[in-house]
Amino acid sequence: MKSQKQVLQNAYSSDGFIGKYQELVKNTVIPYQYTVLCDNASGVEKSHVIQNFINAGKAIRGEDVGDGFYGMVFQDSDAAKWIEAASYSLHHFPDPELEKTIDQLIEVIAAAQDEDGYLNTYFTIKDKDKRFTNLLEGHELYCAGHMMEAACAYYEAVGKRRLLDVMLKNAEHIYKVFIEEGHEGCPGHPEVELALMKMYRATGSEKCFELAKHFINTRGTDPDYYKRERAKRDWTVWGNNGEDNDYQQSSVPLRQAERATGHAVRAVYLYTGMADLAAETDDTELYAACKRLWKSITGKQMYITGGIGSTVHGEAFSVDYDLPSDTAYAETCASIGLMFFASKMLENEVKGEYADVMEQAFYNTVLAGMQLDGKKFFYVNPLEVIPGISGVSPTHRHDLTQRPDWYACACCPPNAARLISSFGKYAYGENGDTAYCHLFAAGTVQFENGMGLVCETAYPYGFTIKYKISGTGRFAIRIPHWSKEFTIKINGAAHSVAPKDGYVYLSVSDGDEVILILDDSPRFIYASSKIPRLTGTVALCRGPLVYCFEGVDNNGDVLSLKLDTNEKITVQKYEPDLLGGTVQLSVKAMRISPTDSLYSAEKPVCTPCDAVAVPYYTWGNRGENQMRVWMPE
Ligand code: FUB
Ligand code: ZN
C-alpha cells in the first residue's frame with residue numbers, strides 16, 4: 001500500500017519563486033532548446049537529434065539515410081526529455097503552437113519506429129543487426145525509457161495518446177525480446193525500469209509492469225553477463241570491457257545491495273525504479289534495500305549541495321567520504337535522479353528526510369545547473385572554483401568556471417527543464433483523505449481526493465507559507481529538518497502540534513487558512529571530520545539554500561578569507577535586482593595578506609573585513625571569478 005502518491009500538480013504562481021522558473025522554462029528554455037535540437041542555434045554544439053529521427057524514418061522505409069546518424073549513442077533521449085519538459089509546461093501554460101510542434105515531432109518519431117516496435121535511431125541508421133547486442137553501452141533501453149517518460153508526460157498533461165501508443169508498442173517489443181524470447185541481460189544504463197512503471201500506470205499494461213520487475217529482479221543475478229556480452233562482440237562504443245560490476249550496479253542481486261556504487265545517474269535512476277516497484281507491490285525486502293542505498297548516498301556520499309557522484313572517473317560514486325570540493329563531478333542529472341529516488345521513497349514511507357534531500361538537491365545543485373537566463377548550463381557542479389586552475393589543470397579540467405551554452409553530451413539541460421516544469425509532482429502527494437505538502441511553492445493545487453489549496457509564499461526568501469484550504473480532510477506539511485522552531489496557525493490561532501517523522505498532520509475544513517512560519521535564521525554548518533580537507537571549515541546556509549562566496553563580492557579573492565564564526569551572520573535585505581532577486585549574507589572575516597614567496601616562516605598578517613555570500617545556485621552568473629562553499633574559520 002503506497003503511503004501516498006505523486007500526482008501532476010500545478011505549483012505555478014506568477015509571483016512565486018518556482019513560478020518564475022517555470023515561466024523561464026516556458027518562455028526561454030523550451031524554445032531555446034528546440035532551436036538547438038533542430039540545429040538552428042548558432043555557435044553551439046550540433047545536436048542533429050531531430051534529423052536522426054528523420055533519417056531513421058528513411059532507413060525504415062528503405063530510403064537513403066542522407067547524412068546518417070550524428071551524436072552520442074543516446075542522442076534520442078535529448079528529444080525525449082525536451083518533449084517531457086514541454087508537456088509538463090503545457091500543463092501550466094496551454095499553448096496550441098507548442099502542442100502543434102510536439103505533435104509534429106511525435107510524427108517524426110513514430111515514422112522512425114520499425115514495424116516490430118523497435119525504436120532507436122542509432123541502431124536503425126547504423127546497423128539493424130546489432131540491436132540489443134551491446135546492452136552495456138548501447139543505451140537502447142535508456143533511450144526507450146526516456147521516450148516512454150515523454151509519452152506518459154504528454155498523455156498526462158494533454159491527454160493525447162499518439163506517443164503513448166508508439167511507446168507501448170515499443171515496450172511490447174522489448175517484452176517480447178527479453179521475456180518471451182529470453183534475451184539475457186539488463187540495461188547498461190538503467191532508466192527504462194522507472195519509465196516502465198510510469199507506462200504501467202498510464203496504460204495499465206501488465207507487460208510493462210512485468211518487464212520493470214524483470215529488469216529489477218534479474219539485475220546482479222548473473223554478474224558475468226556484461227563480460228560475456230563483450231566477448232561476443234567485435235565492436236564497442238567506448239571500449240568498456242564490462243568487467244566492473246560495481247560500476248554497473250550488477251555485482252549482487254539488487255535486494256542484497258548495501259552500497260550505492262558506480263555511475264551516479266544510472267544508480268539513482270535504478271533506485272527510483274526499485275523504490276517505485278517496492279511501493280507498488282508492498283515489497284518490504286526491496287524497500288529495505290532501497291533504504292540501505294539511500295543511507296549509503298545521503299549518509300556518506302552526498303555533498304552539502306545535494307550533489308552526488310563525486311568523481312569524474314566514470315561520472316561515478318567514489319569511496320565513502322571522498323567529497324572533494326574543487327574536483328567534484330556532481331552531475332546535474334545525478335541530483336535530478338536523486339530527487340526522483342527521494343520522491344519514490346516518499347511513496348513507501350512519508351519521512352521528512354526524503355523530502356529534505358529532495359529540496360537540498362533542487363535548490364542547490366539542480367538550480368545551479370542552469371544560468372539565471374535559462375540559456376547556459378552546468379553539467380558538473382563543483383563547490384570551489386579557482387580561475388586558472390578550474391577547467392585548466394589536468395585534474396580540474398571538468399570543473400568549468402562558466403556555464404557553456406550546450407554540450408555534445410547534452411543530458412543535463414533538458415533534464416533540468418523537465419524537472420522544473422514538473423515541480424508540482426514532487427511538491428505534493430495524497431493518500432485517501434490526506435493531502436501532503438513536501439515542498440513549498442506558491443500556486444493553486446487541486447488534489448484528486450477533493451481537497452485543494454492556494455499557497456502563498458516567497459520561499460526560499462520568505463519563511464511564511466500561507467495555505468487557503470478547500471475541501472475537508474487531513475493536511476500534512478513537512479517541517480524541514482533545518483527549521484529548529486516553527487509555528488502553525490489555523491484561522492489566526494496558534495496550533496500546537498508535534499511533527500511525526502518530519503510532518504505535522506492537521507485536520508482541516510473548507511475555507512481554513514493554515515499558516516506555517518519556519519525558522520529564517522542563517523546557520524553555520526560543519527562537515528564530518530571524515531571528509532578530507534573540510535576540518536576547520538564551515539559553510540553557510542539559510543533555509544534550504546547553501547551559500548557560497550564569490551570573488552565578485554569579495555574584492556576578487558575568496559581564497560584569503562577566514563570566517564569568524566563567533567560573530568553572527570547578517571542577513572541582508574532582499575535585492576530584487578541582484579541575481580534574479582536574492583538575499584546576501586555577510587559574516588565577519590579575516591583576510592590574510594598576500595605574500596610574494598610560495599612558502600614562508602612568517603605568520604601571515606590578518607586584516608578584519610566583511611565577507612559576503614550569495615546562494616550557491618546563483619554562482620557563476622557574473623563572469624569568471626573565484627567561488628567557494630567551504631570556508632576556513
Ligand atoms: O549516458 C547517458 C547520460 O550521459 C548519463 O546519464 C550522463 O551521466 C551522461 O553520461
Ligand atoms: Zn547530465
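## Helix packing and a zinc site

In this predicted model, E99, I102, D103, I106 and I109 of α4 meet M147, Y154 and V158 of α6, where contact means heavy atoms within 4.5 Å. Sorted by class, that contact has six nonpolar, no polar and two charged residues; Ala, Val, Leu, Ile, Met, Phe, Trp, Tyr, Cys and Pro count as nonpolar, Asp, Glu, Lys and Arg as charged, and the others, Gly among them, as polar. Helix α4 covers residues 96-111 and helix α6 residues 140-158, and they pack at about 145 degrees with their axes 13 Å apart. Helices here are DSSP runs of H or I with at least four residues, strands are runs of E with at least two, and both are numbered from the N terminus. The axes are lines fitted to C-alpha atoms, for helices over the stretch in contact, with angles from 0 to 180 degrees between N-to-C directions. α4 passes α6 in a left-handed crossing, meaning that the near helix is turned anticlockwise from the far one by less than a right angle.

Some housekeeping: residues are numbered from 1 along each chain as its sequence is written, while chains are lettered from A and ligands numbered from 1 in the order written. Local features need pLDDT of at least 70, side-chain atom pairs count only at pLDDT 80 or more, totals for chains, interfaces and linings use all residues, and side-chain values use heavy atoms, leaving out hydrogens and water.

Now for α1 (residues 17-37) and α3 (residues 76-92), whose axes come within 10 Å and cross at roughly 150 degrees. That makes α1 roughly antiparallel to α3, a label for angles over 145 degrees. On the α1 side the contact is made by Q22, K26, I30, Q33, Y34 and L37, and on the α3 side by D78, A79, W82, A85, A86, S89 and H92. By class, that is seven nonpolar, four polar and two charged residues.

Next, the zinc ion (ligand 2). Its protein donors are E331 (OE), C333 (SG), C411 (SG) and C412 (SG), at 2.0 to 2.3 Å; donors are N, O and S atoms within 2.8 Å of the metal (3.2 Å for Na, K and Ca), and with water not among the atoms, sites may look incomplete. The four donor atoms subtend angles of 94 to 116 degrees, so the arrangement is tetrahedral, which requires all angles to lie between 85 and 135 degrees.

Finally, a backbone detail: a cis peptide bond joins Y459 and P460, with omega about 10 degrees. P460 sits in the loop between β6 (452-457) and β7 (464-470).

Conventions
Angles under 35 degrees count as roughly parallel, over 145 as roughly antiparallel, 65 to 115 as roughly perpendicular and the rest as oblique. Four donors count as tetrahedral if all angles lie between 85 and 135 degrees; four count as square planar and six as octahedral if opposite donors are over 155 degrees apart and all others between 65 and 115; anything else is irregular.
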